[in-house]
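Trainee: Could you walk me through this structure piece by piece? I would like to learn how to read it.

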Amino acid sequence: MTVELKENERIDDLERNGYQIIQRTDGFCFGMDAVLLSGFAAVKRGEKALDLGTGTGIIPILLEAKTEGEHFSALEIQEEVADMARRSVALNGLEQKITIVNGDIKEASQIFGPASFDVVTSNPPYMNHSGGLKNPHLPKAIARHEVLCTLEDVVREAAKVLKTGGRFYMVHRPHRLAEIINTLTAHRLEPKRLKMVHPFADREANMVMIEAVRSGGSFLKVEAPVIVFQAPGVYSDEIRDVYGY
């Protein structure tokens with residue numbers, strides 16, 4: 001399908017099912033964290049999923065390609081970015097499988113209703129100190145800093161929209177792990193799986209992925225870590241598989 005490209009936009013190949021995505025040449029583009037989360041999250045046959053803070057729509061598009069989920073909803077507060085995500089959905093002919101909603105994460109449970117989803121995913125802003133930002137309203141600032149929503153907001157709303165036994169998948173930074181676990185458990189989201197991501201085998205982790213279950217029992221499995229590069233400039237086999245190379 002042909003869709004309109006606006007100024008400073010390009011189409012990138014996602015290497016999955018022939019899918020493509022529209023991104024800005026001068027704006028925030030999806031990163032490895034979103035791709036890794038799409039490989040870590042599980043959406044089973046017949047399940048409905050919601051992505052909080054979807055940005056360009058990368059996570060629902062990749063999850064549609066990789067899983068057998070019934071339907072994927074996605075919430076994005078920036079109207080222009082949500083419009084770009086909608087056009088990417090149309091570009092791939094996925095209008096019946098993916099719905100992009102323009103709205104605020106802090107109001108997700110009001111928008112979609114409580115206990116509406118089997119799975120919630122999020123690649124939220126990592127930085128919790130937005131002081132000193134030259135323009136906190138720029139898309140890059142909104143994507144990286146807790147300008148418009150906090151970790152608490154994301155976790156609270158994920159818990160509300162999840163069914164009992166539903167799963168929440170999030171990628172974040174390891175230095176906030178204690179805060180993340182405390183926030184999850186405070187909202188009855190019990191951490192079940194944890195996976196660190198290391199740039200090289202001998203480097204410290206720079207990402208962490210977590211699965212938590214709504215009203216689940218207490219049991220946490222720490223999985224083998226992801227190693228991004230097996231040598232400088234050479235992706236590991238796991239990364240190549242996640243990207244579909």
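This is a predicted model: local features need pLDDT of at least 70, side-chain atom pairs count only at pLDDT 80 or more; totals for chains, interfaces and linings use all residues.

Trainee: Which residues of α3 are buried, and what do they pack against?

Mentor: The buried residues of α3 are V81, A82, M84, A85, R87, S88, V89, A90 and L91. The partners against which the buried residues of α3 pack are the strands β1 (9–13), β2 (20–24), β4 and β5 (98–102), together with the helix α2 (58–66).

Trainee: Where do N17 and S215 sit?

Mentor: N17 is in the loop between β1 and β2, while S215 lies in the loop between β9 and β10. With a relative accessible area of 54%, N17 is exposed, whereas S215, at 32%, is partly exposed.

Trainee: Now the helix pairs. How do α1 and α2 cross?

Mentor: The axes of α1 (residues 32–40) and α2 come within 9 Å and cross at roughly 35 degrees, and α1 passes α2 in a right-handed crossing. On the α1 side, A34, V35, L37, S38 and G39 meet I58, I59, L62, L63 and K66 on the α2 side. Sorted by class, that contact has 7 nonpolar, 2 polar and 1 charged residues.

Trainee: And how do α6 and α7 cross?

Mentor: For α6 (residues 151–161) and α7 (residues 177–186), the axes come within 9 Å and the crossing angle is roughly 35 degrees, and α6 passes α7 in a right-handed crossing. The residues that make the contact are L151, E152 and V155 from α6, and E179, I180, T183 and L184 from α7. They divide into 4 nonpolar, 1 polar and 2 charged.

Trainee: How many residues of α6 are buried?

Mentor: In α6, 9 of the 11 residues are buried, so the helix is mostly covered. The buried set consists of L151, D153, V154, V155, R156, E157, A158, A159 and V161.

Trainee: Let's move to the strands. Which strands does β8 pair with?

Mentor: Strand β8 (residues 189–198), in which 8 of the 10 residues are buried, pairs with β9 (residues 207–214) in the antiparallel sense over 8 bridges. Within that pairing, L189 stands opposite R214 and E190 stands opposite V213. Strand β8 also runs parallel to β10 (residues 221–222), with 2 bridges joining them, and R193 stands opposite K221 there. Another 2 bridges join β8 to β11 (residues 226–227), again running parallel, and in β11 the bridge partner of H198 is I227.

Trainee: What about β9 itself: how many of its residues are buried, and which way do they point?

Mentor: All of them count, since 8 of the 8 residues of β9 are buried, so the strand is largely enclosed by the rest of the structure. M207, M209, E211 and V213 point one way from β9, while V208, I210, A212 and R214 point the other way. In a regular strand the side chains alternate between the two faces of the sheet.

Trainee: Last one: how many bridges join β7 to β9?

Mentor: Strand β7 (residues 162–172) is joined to β9 by 6 bridges and runs antiparallel to it, and the bridge partner of Y169 in β9 is E211.

Definitions and conventions: Residues are numbered from 1 along each chain as its sequence is written. Side-chain values use heavy atoms; hydrogens and water are left out. Buried means under 20% relative accessible area, exposed over 50%, partly exposed in between (1.4 Å probe, protein chains only). Helices (H or I, at least four residues) and strands (E, at least two) are DSSP runs, numbered from the N terminus. Two strands pair if DSSP finds at least two bridges between them. Axes are lines fitted to C-alpha atoms, for helices over the stretch in contact, and angles run from 0 to 180 degrees between N-to-C directions. A crossing is left-handed if the near helix is turned anticlockwise from the far one by less than a right angle, and right-handed if clockwise. Contact means heavy atoms within 4.5 Å. Ala, Val, Leu, Ile, Met, Phe, Trp, Tyr, Cys and Pro count as nonpolar, Asp, Glu, Lys and Arg as charged, and the others, Gly among them, as polar.
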